[in-house]
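The entries follow the order in which I consulted the structure.

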Amino acid sequence: MRNHPTPWSRLRGLEPMSLCDWPGRVCAVLFLGGCDLRCPTCHNFHLAWNSEDDPCLSRDHALGFLDQRAPWLDGLVVTGGEPALSADLPEWLAELRGRLDLPVKLDTNGMHPDVVERILDIQAADLVAVDVKGPWSKYPTLTGNKITAREAKATLGRIFKLAERHPERFLFRTTLVPLLTPEDLLETRSLPPSGFPLQTQPFRQPPRPFQGHHRKEKSC
Ligand code: SF4
């Protein structure tokens, strides 16, 4: 998969304060545009697939805001789209984490284990929340045919190995999209390594495209 530009050039949204993106913490949320999957149930499809249509938030603006707000925050969440499309995401996160002196949570679709491994190596994030979209056999359908069942198993398998080495830094979650049957959910729960309960989140119907605005949507 090709590398996308640096995270600063993908920054399309900043939520000043969220109480639900990292339960128990008051966080700011940064939204990076672009995603390598095409999940038909994507709630952030504009950010994921057409973010070039929106202006980029400037580095100076974002840092100016975060510098001011950091003393009143408990964390910073970086989400997308898929943040780990940028190969230099680890260094970018590390810079933010050090500068703001805040714990960092990363949301990822789990398709970039090399980037996640580097993030762990340089301690650039405190928590990595990984999507497990469903059983391997349904990955093609669930991701718009962007990944095969075999690729999903191999790629997330590498993420699971990282989680076994750093259990305190991972959580796994599944969105209860209509494509998943109760049997699928049972199978999905068995995929992460033992000791990692699968968190589930309710599915919300994506907003219809082209409604005249493209607010960045959050998972809660
Ligand atoms: S991985 Fe997430 S952001 Fe990307 S298309 Fe799927 S639901 Fe949307």
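**Entry 1: Strand β4 and its partner β5**

I began with strands β4 and β5 (residues 127–131), which pair in the parallel sense over 4 bridges. The model is a predicted one.

**Entry 2: Burial of β4**

Is β4 mostly covered or mostly open? I found 5 of its 5 residues buried, so I recorded the strand as mostly covered, taking buried to mean under 20% relative accessible area. I next sorted the residues by direction. Val104, Leu106 and Thr108 point one way from β4, while Lys105 and Asp107 point the other way. The charged residues Lys105 and Asp107 are thus noted as buried along with the rest.

**Entry 3: Strand β3 beside β4**

I moved to strand β3, which pairs with β4 (residues 104–108) in the parallel sense over 3 bridges. Which residues of β4 are the bridge partners of Leu76 and Val78? I noted Val104 for Leu76 and Leu106 for Val78. The chain passes from β3 through helix α3 (residues 89–100) to β4 in a right-handed β-α-β crossover.

**Entry 4: Strand β3 beside β2**

I then examined strand β2 (residues 27–32), which runs parallel to β3 and is joined to it by 5 bridges. Here I recorded that Phe31 stands opposite Thr79 in β3.

**Entry 5: Burial of β3**

Why is β3 (residues 75–79) described as largely enclosed by the rest of the structure? I noted the reason as burial: 5 of the 5 residues of β3 are buried. Gly75, Val77 and Thr79 point one way from the strand and Leu76 and Val78 the other, and I found all of them buried.

**Entry 6: Packing of α2 and α3**

Two packed helices are described by the angle between their axes and the distance between the axes. I therefore looked up both values, as that description calls for them. The axes of helix α2 (residues 59–69) and α3 come within 10 Å and cross at roughly 35°. I recorded the crossing of α2 and α3 as right-handed. On the α2 side, the contact is made by Arg59, Leu63, Leu66 and Asp67. On the α3 side, Glu95, Leu96, Arg99 and Leu100 make the contact. By class, I noted 4 nonpolar, no polar and 4 charged residues in the contact of α2 with α3.

Note on methods
Residues numbered from 1 in each chain as written. Predicted model: local features only at pLDDT ≥ 70, side-chain atom pairs only at ≥ 80, totals over all residues. Heavy atoms only, no water. Buried < 20%, exposed > 50% of the residue type's maximum accessible area, 1.4 Å probe, protein only. Helix = DSSP H or I, 4+ residues; strand = E, 2+ residues; numbered from the N terminus. Pairing = 2+ DSSP bridges. Right-handed = clockwise from strand over helix to strand, strands pointing away. Axes fitted to C-alpha atoms, helices over the stretch in contact; angles between N-to-C directions. Left-handed = near helix turned anticlockwise from the far one by under 90°. Contact = heavy atoms within 4.5 Å.
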